[in-house]
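Colleague: I'd like to learn how to read pockets and aromatic contacts in a model. Can you walk me through one?

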Amino acid sequence: MRKFSRIYRPLHLMLNLKPLSISAETAAAPGPAWLRQWHGWLLVAVWVLVQLLVLAQNHGPRYVNDSGRYLAYGTRIAQEWHFERDHNLRYVGYPLFIALWLKLGTGWWGIVLGQMAVSGLAARAFYRTLRRLTPQPLDWRPAALATAALVAWRDAQQFNVYLLTESLFASFTILAFWALVRARRGPAGRWVVFGLLVLLTGIVRPNGFVVAGAAALAGLARLWQLPGRRAFWRAVLGLVALVPVWWWVLNKLLLTFTLVETYLRGEIIYGFTPWVVEPTEPLLLPPPGLAPVLRLGYFITANPTYFLKLATLKGLLFFSYVKTYYSWSHILLIVVFIYPCYWLAVRGLRTATAWLPARVFLAGVVLLQGFVVMITVEDWDVRFLLPVLPCVFALAGLSLGRWLPPATPTLKA
């Protein structure tokens with residue numbers, strides 16, 4: 001029998017015999033061959049052109065109101081290795097980034113070009129991640145279209161030239177998404193990379209905790225998929241047991257923010273007085289000496305109608321993206337392009353073929369960032385929406401994987 005097997009196996013391999021049929025069906029990569037081959041370079045070209053455009057429009061690195069304190073803090077770190085406490089400690093990641101370039105002697109241009117380099121790295125990671133999540137490995141179109149939206153939409157790239165935290169925050173959010181999907185398979189060290197990127201994102205801005213929150217939700221989603229779900233419920237109990245830690249962290253984060261005073265001004269957009277909410281009855285203020293979380297909770301429960309009106313208007317304005325002082329062309333582009341992306345993103349969230357923790361992470365960033373704006377205040381421009389846009393484009397890309405025509409089957413002898 002063994003002798004017969006030794007004779008049959010080489011003969012079988014030589015004739016390339018297959019069960020049931022001598023031909024096998026394979027899938028050809030969809031789309032035009034030239035575009036399939038060159039789309040990566042086209043995306044690089046678009047990204048470069050947009051970076052040059054925003055540099056030219058802003059006449060180089062852009063200095064704005066908050067830039068001064070970041071630069072001063074970065075200078076103190078570079079020269080004296082001095083770290084501040086209280087409010088500025090919540091932004092320590094960005095001054096550290098600034099200090100690196102100041103130490104290298106590159107000045108503002110080094111900071112901006114560094115932000116662009118991280119943004120370009122994030123865009124590449126964004127494309128590769130969506131390729132991993134696309135159900136059909138040969139279908140490059142969903143990843144290419146979502147990445148094209150990311151690199152071509154000016155609002156998603158313009159803060160690369162600003163001396164602000166937003167560019168680095170958005171880039172690290174994308175890189176955390178990349179690390180999460182990459183850690184799905186492979187050595188355990190990939191989870192360490194994911195954790196480090198979540199940490200880096202968290203120290204760039206105070207609201208960087210939304211990425212940590214989204215990561216926790218993604219972890220729970222992964223545990224939910226395991227048989228029996230015992231690990232899921234253990235993780236939930238662990239998070240409940242850590243409530244005192246979350247309480248301490250929230251109080252520390254809110255310690256230097258004057259949220260109640262902002263509510264008293266009725267601001268929807270910070271510093272924009274034409275849009276304010278006037279209370280219809282006297283507001284009840286929290287007594288002095290309360291912890292920041294209790295102070296905020298007291299105001300909300302004592303003035304529920306006023307707070308809900310403020311929070312709802314902030315949330316609607318945040319996600320609507322449109323503001324009356326934008327140009328009509330900008331508003332038209334938002335309505336024609338971003339609103340369909342929102343719709344596709346909702347559809348993409350329900351795409352069962354894409355890995356659940358990845359979808360939960362993206363949705364978590366969007367919803368938690370929206371919640372932060374509703375609790376605090378909306379900004380004059382698109383700064384606070386910036387980390388949300390890549391998540392929307394990614395979810396929209398996952399949805400396109402279902403809507404685009406599938407790969408064409410071919411017969412292979």
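Colleague: By class, how many nonpolar, polar and charged residues are in the lining of the second largest pocket?

Modeller: A general idea to begin with. Rolling a probe the size of a water molecule over the atoms shows where empty space is left. Now this case, in a predicted model. The lining has six nonpolar, three polar and three charged residues. Among the lining residues are Trp-47, Tyr-127, Arg-124, Arg-128 and Arg-131. The volume of this pocket is about 300 Å³.

Colleague: Which helix gives the most to that lining?

Modeller: Helix 5, with six residues. Helix 2 (33-57) and helix 6 (141-152) each supply at least two.

Colleague: On to the rings. How many aromatic pairs does a search of the whole structure find?

Modeller: A pair of aromatic rings is described by the distance of the centres and the angle of the planes. Here the search finds 26 pairs. Take Phe-159 and Tyr-162: 4.7 Å centre to centre, 45 degrees between the planes, hence tilted. Both residues are buried.

Colleague: Why is the pair of Phe-177 and Phe-361 stacked?

Modeller: Because the planes are at 5 degrees, and under 30 counts as stacked. The ring centres are 6.3 Å apart. Phe-177 lies in helix 8 and Phe-361 in helix 17, so the pair ties together parts 184 residues apart in sequence.

Colleague: Are Phe-177 and Phe-361 buried or exposed?

Modeller: Phe-177 is buried, at 2% relative accessibility. Phe-361 is buried too, at 0%.

Colleague: Where does the charged end of Arg-229 sit?

Modeller: Over the ring of Trp-224, 3.5 Å from its centre. Arg-69 lies over the face of Tyr-91, at 4.7 Å from the ring centre. Tyr-91 also belongs to an aromatic cluster with Tyr-70, Tyr-94, Phe-97 and Trp-101.

Key
Residues numbered from 1 in each chain as written. Predicted model: local features only at pLDDT ≥ 70, side-chain atom pairs only at ≥ 80, totals over all residues. Heavy atoms only, no water. 1 Å grid on protein atoms, 1.4 Å probe; cavity = no way out; pocket = protein on both sides within 12 Å on 5 of 7 lines; lining within 4 Å. Points joined across faces, edges and corners; volume = space filled by probe spheres on them. Helix = DSSP H or I, 4+ residues; strand = E, 2+ residues; numbered from the N terminus. Nonpolar A, V, L, I, M, F, W, Y, C, P; charged D, E, K, R; others polar. Phe/Tyr/Trp six-rings, centres within 6.5 Å; stacked < 30°, edge-to-face > 60°. Buried < 20%, exposed > 50% of the residue type's maximum accessible area, 1.4 Å probe, protein only. Lys NZ or Arg CZ within 6 Å of the ring centre and 35° of its normal.
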